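Please keep the sequence and the model side by side as you read.

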Amino acid sequence: FEIAHEETTANTVYASDDRDAARTELDNLTAAYRAVVDGPDKELAEEVQRRVGGRIRELENAVKAMEEMALHQD
């Protein structure tokens, strides 16, 4: 995520691929998070949501902001 942000900010030739990779990994992370949060173990779900939920939202917002930045660079 950090590299994708740096490349996007610098508007390098690698920026697009790095953003795509960041989006893919965020989607994978979100799917894993959802699998636990929506899973049968409610105690584990609450713990993961409490500890990780805020970080997931931060990453989602950061990736969205990076993608929007890229749209305005062109």
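The largest nonpolar core is made up of 5 residues: Ala4, Ala22, Leu26, Val63 and Met66. A nonpolar core here is a set of buried Ala, Val, Leu, Ile, Met, Phe, Trp, Tyr and Cys residues joined through side-chain atoms within 4.5 Å. Buried means under 20% relative accessible area, exposed means over 50%, and partly exposed lies in between, with a 1.4 Å probe and protein chains only. Helices H2 and H3 each supply at least two residues of this core. Helices are DSSP runs of H or I with at least four residues, and they are numbered from the N terminus.

A word on the model: it is predicted, local features need pLDDT of at least 70, side-chain atom pairs count only at pLDDT 80 or more, and totals for chains, interfaces and linings use all residues. Residues are numbered from 1 along each chain as its sequence is written, and side-chain values use heavy atoms, with hydrogens and water left out.

Apart from neighbours within four places in sequence, valine 63 is in contact with Phe1, Arg23 and Leu26, where contact means heavy atoms within 4.5 Å.

Now follow helix H2, which covers residues 15-37 and has 23 residues. From its first C-alpha to its last, H2 reaches 32 Å, close to the 33 Å expected at 1.5 Å a residue; that expected span is 1.5 Å times one less than the number of residues. Which residues of H2 are buried? They are Ala15, Arg19, Ala22, Leu26, Thr30, Tyr33 and Val37. An α-helix has 3.6 residues a turn, so residues three or four places apart point the same way. The buried residues of H2 pack against helix H1 (2-10) and helix H3 (42-73).

How do H1 and H2 meet? Their axes come within 8 Å and cross at roughly 150°. The axes are lines fitted to C-alpha atoms, for helices over the stretch in contact, and the angles run from 0 to 180 degrees between N-to-C directions. H1 and H2 are therefore roughly antiparallel to each other; angles over 145 degrees count as roughly antiparallel, under 35 as roughly parallel, 65 to 115 as roughly perpendicular and the rest as oblique. H1 passes H2 in a left-handed crossing, a term used if the near helix is turned anticlockwise from the far one by less than a right angle, with right-handed used if clockwise. On the H1 side, the contact is made by Ile3, Ala4, Glu7 and Thr8, and on the H2 side by Ala15, Asp18, Arg19 and Ala22.

Next, turn to H2 and H3. Their axes come within 10 Å and cross at roughly 160°. That makes H2 roughly antiparallel to H3, and the crossing of these helices is left-handed. Glutamate 67, in helix H3, is in contact with Arg19 and Arg23 once neighbours within four places in sequence are left aside. At 28% relative accessibility, glutamate 67 counts as partly exposed.

The remaining pair is H1 and H3, which pack at an angle of about 20° with their axes 10 Å apart. H1 and H3 are therefore roughly parallel to each other, and their crossing is left-handed. Here Ala4, His5, Thr8 and Thr9 in H1 meet Met66, Met69, Ala70 and Gln73 in H3.

Two residues of H1 are worth a look. Beyond its neighbours within four places in sequence, threonine 8 is in contact with Ala15, Arg19, Met66, Met69, Ala70 and Gln73. Isoleucine 3 is also found in H1, but at 55% relative accessibility isoleucine 3 counts as exposed.

Finally, visit the loop between H1 and H2, where asparagine 11 lies. Most residues other than glycine have a negative phi. Asparagine 11 has a positive phi of about 55° although it is not a glycine, and at 45% relative accessibility asparagine 11 counts as partly exposed. Threonine 12 has its place in this loop too, and at 28% relative accessibility threonine 12 counts as partly exposed. The C-alpha atoms of threonine 12 and arginine 51 are separated by 35 Å, with the two residues 39 apart along the chain.
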